Amino acid sequence: MADANESPSAPNPEETPKSDPAASPEAAAPASSEKAAESPEAAKPQAPAAPAAGAPKPAAPKPAPKPAAPKEPPDPAKVEAAKKAAAAKLAAAKAKAKAKAEDLPPPEEFTTRRTFLSWGMAAWVIFFGWLGGIGHLCLRFMFPRVLYEKDPKFRAGKRSDFPEVNKVYELFKEVQGVWLVRLVEDGEDRLVALSTVCTHLGCTPNWLEAEAKFKCPCHGSGFYKSGVNFEGPAPRPLERYRLYTDGAGDVLVDKSVKFREDLGQWGQPESFVKMA
Ligand code: FES
């Protein structure tokens, strides 16, 4: 920046040798005062010279900071409402986190332990099953294979338990599959034991007292009380079982022995018991 006190009439330093004492400021000052005395206009104080081109500009003055506005006291109602809203938000976040935690699958460690226990239980079940099978085979080996059936013989009672002639007794129909029938046959008062198995396809006929016949419900075969078939598809009479008496006079039925009318076996001695 050029010195503001410098006048345009200042001597050029290049024209004045430095060693010349006349060119010093002290020497130049009387000359300037002389020129000012010669020209009253030159004696006027001059305006500061414009800054030279290329010289750095002075920094702009910073604006002064505004004074802070005085704070108003907060509204208690608003503060309370804000607190409540924050508490509600926090509670909602906690509830959401809890729900998410409940929805999470069980920890890996727990799942692994449960799986291990399940496999352990399965192994024990298989082991005991194998052990049971081995034990069963051992028992089957130690005991003979015997077919256990009901005793084909049963005690029907005494003769006096069948007092009526031409009467069908159904005491043993359900339990033993036998009808005991007292009838007169070949001029004799006899007690016979009839099988309850239809000779057509094996159904169980019913005794119809009013019609005095056995009637098969499957295909309609009919049998007299003697067991002889007379209607329906049944091909032959009902079978009779062996009847005999013991020393006490009791009547016994042996279902292991059968007598067929079509084979001429109804006349055999043990196919009936004489009642008189
Ligand atoms: S099974 Fe008795 S009639 Fe056919």
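Figure 1. Strands S4 and S9 (residues 240–245) run antiparallel and are joined by two bridges. Two strands are taken to pair if DSSP finds at least two bridges between them. Strands (E, at least two residues) and helices (H or I, at least four) are DSSP runs, numbered from the N terminus. This is a predicted model, in which local features need pLDDT of at least 70 and side-chain atom pairs count only at pLDDT 80 or more, while totals for chains, interfaces and linings use all residues. Residues are numbered from 1 along each chain as its sequence is written.

Figure 2. Strand S3 (residues 178–185) pairs with strand S4 (residues 188–195) in the antiparallel sense, over eight bridges. Arg182 has Leu191 of S4 as its bridge partner, and Glu185 is partnered by Glu188. Two residues lie between the strands of this hairpin, where Asp186 takes a positive phi near 55 degrees.

Figure 3. Strand S2 (residues 167–169) runs antiparallel to S3 and is joined to it by three bridges. Within that pairing, Tyr169 stands opposite Leu180 of S3. S4 is also joined to strand S11 (residues 273–274), again in the antiparallel sense, by two bridges. Here Arg190 is opposite Lys274 of S11.

**Figure 4. The largest nonpolar core.** This core holds 18 residues, and those with the most contacts inside it are Val178, Leu180, Leu191, Val192, Ala193, Leu194 and Leu243. Two or more of its residues come from each of S3, S4, S9 and strand S10 (250–259). A nonpolar core is a set of buried Ala, Val, Leu, Ile, Met, Phe, Trp, Tyr and Cys residues joined through C-beta atoms within 7 Å. A residue is buried if 20 or more other C-beta atoms lie within 10 Å of its own, exposed if 12 or fewer, and partly exposed in between, with C-beta atoms placed from the backbone. Leu243 is in contact with Leu191, Val192, Ala193, Val251, Val253, Glu270, Phe272 and Val273, leaving aside its neighbours within four places in sequence. Contact requires that the C-beta atoms of two residues, placed from the backbone, lie within 7 Å.

**Figure 5. The sheet of S5, S6, S7 and S8.** These four strands form an open sheet in the order S5-S6-S7-S8, with antiparallel pairing. Strand S5 (206–208) and strand S8 (229–231) are the edge strands, each pairing on one side only. Strand S7 (residues 222–223) is joined to S8 by two bridges, with Phe223 opposite Asn229 of S8.

**Figure 6. Surroundings of Trp207.** Trp207 is a residue of strand S5. It counts as partly exposed because 19 C-beta neighbours lie inside 10 Å. Not counting residues up to four places away in sequence, Trp207 touches Val168, Glu170, Trp179 and Phe214. Thr196 is eleven residues from Trp207 along the chain, and their C-alpha atoms are separated by 9.9 Å.

**Figure 7. Helix H2.** H2 (residues 76–103) has 28 residues and reaches 41 Å from its first C-alpha to its last, close to the 40 Å expected at 1.5 Å a residue. The expected span is 1.5 Å times one less than the number of residues. The number of buried residues in H2 is zero, so the helix lies largely in the open.

**Figure 8. The loop at Asp151.** Asp151 has its place in the loop between helix H3 (108–142) and strand S1 (153–158). Asp151 is exposed, since 8 other C-beta atoms lie within 10 Å. The C-alpha atoms of Asp151 and Ser256 are separated by 9.1 Å, although the two residues are 105 residues apart along the chain.

**Figure 9. Residues 1–54 and the whole chain.** Over residues 1–54, pLDDT stays under 50, and the model has 19 contacts beyond four places in sequence for them. pLDDT is the predictor's confidence in each residue, from 0 to 100. For the protein chain the mean pLDDT is 80, with 72% of residues reaching 70 or more. Its secondary structure comes to four helices and eleven strands. Of its 276 residues, 13% are buried. Among contacts with a separation of 6 or more, 43% are between residues 24 or more positions apart.
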